[in-house]
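Subject: Structure for your review

Dear colleague,

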Amino acid sequence: MIDAFTQRSRIAYFSMEIALRPEIHTYAGGLGILAGDTVRSCADLELPVVFVTLVSRDGYLRQSIGEDGRQIEQPDPWEPERWARPLGAKVAVAIEGRDVWVRPWLYRHKGALGYEVPVLLLDTMLDENAPQDRDICRSLYGGDSGYRLNQEIVLGIGGYRLLRALGFEIETYHMNEGHSALLALEMLHGHRHLNGNTAEHAGYDPEVARQHCVFTTHTPVEAGHDRFPYDMVEGKLKGVVDIAALRAVAGGQDLNMTRLALNLSGYVNGVAKRHAEISRQLFPGYRVHAITNGVHVETWTCGSFAQLYQRHFPNWGHEPEVLVRADGLDDAAVWEAHRRAKLALLNRIAQETGSSLSPDTLILGFARRMTGYKRLDLLFSDLDRLRALAKTHPFQIVIAGKAHPHDEDGKRVIQALHRRKAELAADIPVAFLANYGMDLARLLTSGSDVWLNTPLPPLEASGTSGMKAALNGVLNLGVLDGWWMEACIDGTTGWAIGDADLGTADDDAEDLYRRLEGDVLPLYYGDRARWIWMMKQSISKIASYFNSQRMMRRYASEAYLR
Ligand SMILES: *Cc1c(COP(=O)(O)O)cnc(C)c1O
């Protein structure tokens with residue numbers, strides 16, 4: 001069953017999370033969504049890639065909101081038996097001196113034209129493992145830093161060994177973030193044994209790994225870069241890795257997974273042009289390329305727009321570039337497709353929250369991981385100003401997003417939002433949809449009228465939800481950061497908040513209100529024809545370029561075929 005894949009796969013893509021489908025809870029946010037869109041594009045383009053991730057049986061978290069507006073988290077289990085098959089192969093990795101056996105599940109993703117892409121979901125829930133080791137692949141981003149290191153050992157070292165045990169002959173290893181960087185170390189280790197060297201006589205030779213490794217960094221936010229103290233690493237990996245040699249390639253202070261990946265990769269990239277520039281400043285001395293993210297157009301286009309595209313551009317799913325001609329679509333048909341998407345969102349809001357929003361009033365949508373730098377609170381920084389705006393031109397706000405269980409700031413943002421919602425109740429309808437995931441993302445990025453993005457620059461590496469919005473004719477209103485710096489043509493594809501230089505928070509809030517008052521709301525209610533013209537500009541200019549097919553062609557030609 002795996003043979004067809006072992007023979008043709010030449011590239012292995014490692015990611016802590018992958019969003020394969022809504023029922024498979026092996027993802028938390030944008031990183032996993034990007035990995036999932038990568039799987040889907042590899043199937044479309046017939047790229048010989050095998051994916052490796054963790055099975056994460058309990059998912060990331062299931063979110064509900066308590067009476068006090070606080071987030072309540074529960075496990076979010078899924079059933080591997082329903083979607084994947086266990087493979088017979090298994091390998092052992094020694095952690096704290098115990099053998100931890102790792103076994104993969106095989107999930108097969110089939111593209112629209114029938115090409116299948118294999119995804120290996122690593123699991124340690126095996127009878128032969130000590131009880132404390134069985135749960136290593138249970139909870140995505142759960143537990144403490146020792147638990148995280150265990151997961152990264154299983155992903156990097158376990159994943160690398162499994163591919164070899166299964167007979168894969170991999171030429172290129174792509175590390176999606178630093179979580180899997182131990183694979184590069186394992187590669188060096190294996191190489192050193194082959195040469196018969198011992199720890200005393202030779203350090204690692206990074207060149208060996210650089211020929212085979214590609215590293216994509218995804219965030220300039222410090223918490224996004226894992227670091228582990230060397231005494232912890234030594235306790236877990238004594239005898240498995242050579243700590244002295246590791247220090248030379250992974251940082252002298254502590255094991256820095258980003259540093260390790262940077263040192264052992266022959267090709268490094270950021271996920272937008274601005275992000276690559278910022279990464280070069282963060283990591284001086286490394287050559288950081290830019291490959292701007294994209295989204296899988298077929299996955300993120302709602303039903304009504306999919307029908308419209310199908311009528312005019314039969315090949316749009318396979319070749320989203322053809323949407324460059326969407327600016328010629330019929331106005332009434334575009335508006336009708338949008339109205340249907342909006343009604344679907346309103347239905348869901350009514351079902352889940354009991355509030356009925358109006359289809360004739362503008363919806364401002366915002367859905368993100370709830371964490372400080374995404375600045376959901378910017379919109380609510382002056383409630384009187386918001387109320388005054390709504391008196392002249394009414395609008396409604398729809399929000400979704402989870403906070404990481406350890407992110408107290410993020411949780412405070414959610415709680416504060418629920419207070420704002422109550423304070424605004426008489427003037428502006430605000431709806432919060434709990435448990436943001438692929439399903440809700442699809443509804444929200446197609447059913448809103450305007451998609452709001454207000455990160456603190458330069459911390460948004462790329463952002464992809466705005467791309468999903470654009471290909472559904474939803475107009476972006478966003479701070480100039482990440483992908484939006486490349487996609488925003490003000491007044492044509494959407495609107496900018498702030499300017500390209502790094503401004504201050506106060507200015508951004510003022511600018512946000514000014515754009516709503518002076519541009520967005522008057523256009524929506526006063527010049528529908530121009531609004532629809534912008535929708536079509538946004539579809540044609542953004543969907544034709546910010547798609548994951550274009551992204552994967554670039555990875556293939558620039559990173560994989562070096
Ligand atoms: C697209 C998506 C994201 C990423 O959105 P950003 O704009 O990058 O914050 C996160 N979570 C889900 C569920 C998504 O679908």
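Is Asp 133 buried or exposed? Asp 133 is buried, at a relative accessible area of 2%; buried stands for under 20% relative accessible area, exposed for over 50%, and partly exposed for values in between (1.4 Å probe, protein chains only).

Please note that this is a predicted model, in which local features need pLDDT of at least 70 and side-chain atom pairs count only at pLDDT 80 or more, while totals for chains, interfaces and linings use all residues. Residues are numbered from 1 along each chain as its sequence is written, and side-chain values use heavy atoms, with hydrogens and water left out.

The structure contains 39 salt bridges, a salt bridge being a side-chain nitrogen of Lys or Arg within 4 Å of a carboxyl oxygen of Asp or Glu. In one of them, Asp 133 pairs with Arg 98, with 2.9 Å between the closest N and O atoms. Asp 133 belongs to helix 4 (residues 131–134) and Arg 98 to strand 7 (residues 98–110), so the pair ties together parts 35 residues apart in sequence; helices (H or I, at least four residues) and strands (E, at least two) are DSSP runs, numbered from the N terminus. Arg 98 is partly exposed, at 24% relative accessibility.

Arg 375 and Asp 508 also form a salt bridge, their closest N and O atoms lying 2.7 Å apart. Both Arg 375 and Asp 508 are buried. Salt bridges with shared partners join Glu 96, Arg 98, Asp 133 and Lys 236 into one network.

Yours sincerely
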